[in-house]
Amino acid sequence: MKPAKLILPLMLCAVAFGFKNTPNSDKWEQLFNGKDLTRWDTYIGPDLDDKGKPITGTPIGLNTDPRRVFTIVKQDGDKVIRVSGESWGAISTKKEYANYHLQLQFKWGALTWGQKKGQKMDSGLLYHSGGKYGADYGAWMRSQEFQIEQGNSGDYWGVAGGMADIPVIRRYEKDYIYNVGGMMNTFAEGSKAGRHCIKGGNAENPKGEWNTLDLYCNGDTSIHVINDKVMMVLYHGRQMENGQPQPLTKGKLQIQSEGAEVFYKGIMIQPITQLPVELVKQ
């Protein structure tokens, strides 16, 4: 481990403060048109049994959705994306993105399936996605995960070779929790710390209410924000290619189906040239 010496002054207050989102509305690109998924692809992995083991090992595949895992429905007066969670997979943008501010809203449904039945509601935003479909768990591309899970929204997972450096403190034997003044650790599959880092706060609204997620990416740094509160800052985002780490600064966006019903709306993105500096709300 090494001290987090290079953390931007902006981040010194990240746990105590939240960002005031003051985007330029003229620059927003709507990723969901409120009608259909024409700007997205779907990918669904192999059918799983109730223990999460593949039944046949054959994926449902690309842009084939016989169970209607991904549909458009009406919720609270708006057309939204419903992810049933019945099959493991994702919708992914057709385009790649770099240096951006992404914002979306999500709300939990009621259904859980398979190995997730009766467990915490689970989904996720996978960013800087690329490479082979189904590289992770037969369902997702290599990426960085902004966890969307009941009570754990804002956590980080490295997916299929995604990795990052995050300042953390230790809890118990294997839990690493984001802390702006903590020791820098590398999170990746096979690393000493593993590929999962726990968020540094809790800002998720009660089940049944909409939550706002903001993701800021600039260069190889990213910031996870839930309901205007910083959950985590990640540095030196990279991926393993042929046994060597390479920068990971752009890619597609994936929204997971992972055993739970969840609704998404207001998915939009705008370019940025630097990370935000205006902080409010102690």
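Leaving out neighbours within four places in sequence, Y264 is in contact (heavy atoms within 4.5 Å) with V80, I81, V83, L104, Q105, F106, S123, G124, I148, W210 and I255. Please keep in mind that this is a predicted model, where local features need pLDDT of at least 70 and side-chain atom pairs count only at pLDDT 80 or more, while totals for chains, interfaces and linings use all residues. Residues are numbered from 1 along each chain as its sequence is written, and side-chain values use heavy atoms, with hydrogens and water left out.

Y264 also leads us into the largest nonpolar core, where Y264, L102, L125 and I267 have the most contacts inside a group of 55 residues. Such a core is a set of buried Ala, Val, Leu, Ile, Met, Phe, Trp, Tyr and Cys residues joined through side-chain atoms within 4.5 Å; buried means under 20% relative accessible area, exposed over 50%, and partly exposed in between, with a 1.4 Å probe and protein chains only. Strand β20 (residues 229–241) gives the most to this core, namely six residues; strands are DSSP runs of E with at least two residues, numbered from the N terminus. Apart from this core lies another, of six residues, including W88, L126, A139 and W140.

Strands β11 (122–130), β12 (142–149) and β13 (156–159) each supply at least two lining residues, and β12 gives the most, with three.

Now for the aromatic rings. The whole structure holds four aromatic pairs, meaning rings of Phe, Tyr and Trp (its six-membered ring) with centres within 6.5 Å; planes under 30 degrees apart count as stacked, over 60 as edge-to-face and the rest as tilted. The Y43 and Y133 rings have centres 5.1 Å apart and planes at 20°, so this pair is stacked. Y43 sits in strand β4 (residues 40–48) and Y133 in the loop between β11 and β12, 90 residues apart. Y43 is buried at 11% relative accessibility, whereas Y133 is partly exposed at 22%.

Methods
Helices (H or I, at least four residues) and strands (E, at least two) are DSSP runs, numbered from the N terminus.
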